Amino acid sequence: MTENAIPINIEQDTMQNGSVVVEMVHLRKSFENNDVLRDINLVINKGENLVIIGKSGTGKSVLIKCIVGLMDCDYGSLAIFGKVISELSEEELIETRKKIGFLFQSAALYDSMSVRENLQFPLRRQQRSMPREQLNSLIKEALENVGLSKAIDKMSTELSGGMRKRLGLARTLILKPEIMLYDEPTTGLDPITSKEISKLILEVQQKYNTSSVIITHDMECARLTADRIVVIKDGMCEAEGSFDELKNSTDVWIRSFFE
């Protein structure tokens, strides 16, 4: 850790903020000889938006893929809702994953499907016998939440980049996740649309009391959405604080992200 960095303190964070939904202790992940995550110690508190920043290749996306279960960590402990993931049965792991929503950079839509069909897909996969009225009600609510009600019968390929992001978010929210993971949610968007997506992330937090991890290089997105920011350097949590605290850090390297 650099000389003037703001230290990470899991015990203090846990005591001050109460309910912890995700806790990582000495988390490590390597790919052959490349140690991507070297020693991650981090908590995510209920109802907070945690933004993670750092240079490209420092393991930010790998970190959230470990949370959602797309990757297994090599060492250390990862607990979600107080349950250590490595100790769960396959059935318990599936139930835990249902509580986590993941918005990919690309929105990961099915281009051969309409907006309506993209939202039907996750619901049908989770509950095959859901009545049509309930299905339509959930789809309508999800689209209203992201401002896409009028696009319900459009093909996903007809949507703009910002609308595709909104649809990806609606498809995730329709399953009512308790934890949201955003991987570069504003990448490739113009400044106005980026701001709209950032505000939408805040609305989701306020309406659903979600706990969110937001990976971003967009410092305006970080400023608008973050309750807390963690800076990753060389596969470790280098510093944490509010936007203003880190922006005014005495550490030149940390401050460089905000210039």
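Ten helices and ten strands make up the secondary structure of the chain, which is seen here as a predicted model. Along the principal axes, the C-alpha trace spans about 60 × 45 × 40 Å. A compact globule with 259 residues would have a radius of gyration near 18 Å, and the 19 Å of the chain agrees with that expectation. Of the contacts with a separation of 6 or more, 68% join residues 24 or more positions apart. Buried residues account for 49% of the 259 residues, while the accessible surface comes to about 13,000 Å², with 47% of that area belonging to carbon and sulfur atoms.

Apart from neighbours within four places in sequence, Thr96 is in contact with Ile80, Ile85 and Leu88.

Turning to the aromatic rings, the count of pairs comes to three. In the pair formed by Phe243 and Phe258, the ring centres lie 5.0 Å apart and the planes stand at 80°, so the arrangement is edge-to-face. Because Phe243 belongs to helix α9 (residues 243-247) and Phe258 to the segment after α10 (252-255), this pair ties together parts that are 15 residues apart in sequence. Both Phe243 and Phe258 are buried.

Aromatic rings also meet charged side chains. The charged end of Lys99 sits over the ring of Phe81, at 5.2 Å from the ring centre, and Lys233 lies over the face of Trp253, with a distance of 4.7 Å to the centre of the ring.

Note on methods
Residues are numbered from 1 along each chain as its sequence is written. This is a predicted model: local features need pLDDT of at least 70, side-chain atom pairs count only at pLDDT 80 or more; totals for chains, interfaces and linings use all residues. Side-chain values use heavy atoms; hydrogens and water are left out. Contact means heavy atoms within 4.5 Å. Rings of Phe, Tyr and Trp (its six-membered ring) pair if their centres lie within 6.5 Å; planes under 30 degrees apart count as stacked, over 60 as edge-to-face and the rest as tilted. Helices (H or I, at least four residues) and strands (E, at least two) are DSSP runs, numbered from the N terminus. Buried means under 20% relative accessible area, exposed over 50%, partly exposed in between (1.4 Å probe, protein chains only). A charge sits over a ring if NZ of Lys or CZ of Arg is within 6 Å of the ring centre and within 35 degrees of the ring normal. The radius of gyration is taken over C-alpha atoms; the globule rule is 2.2 Å times the number of residues to the power 0.38. Accessible areas come from the Shrake-Rupley method with a 1.4 Å probe; for residues, only the protein chains shown count as cover.
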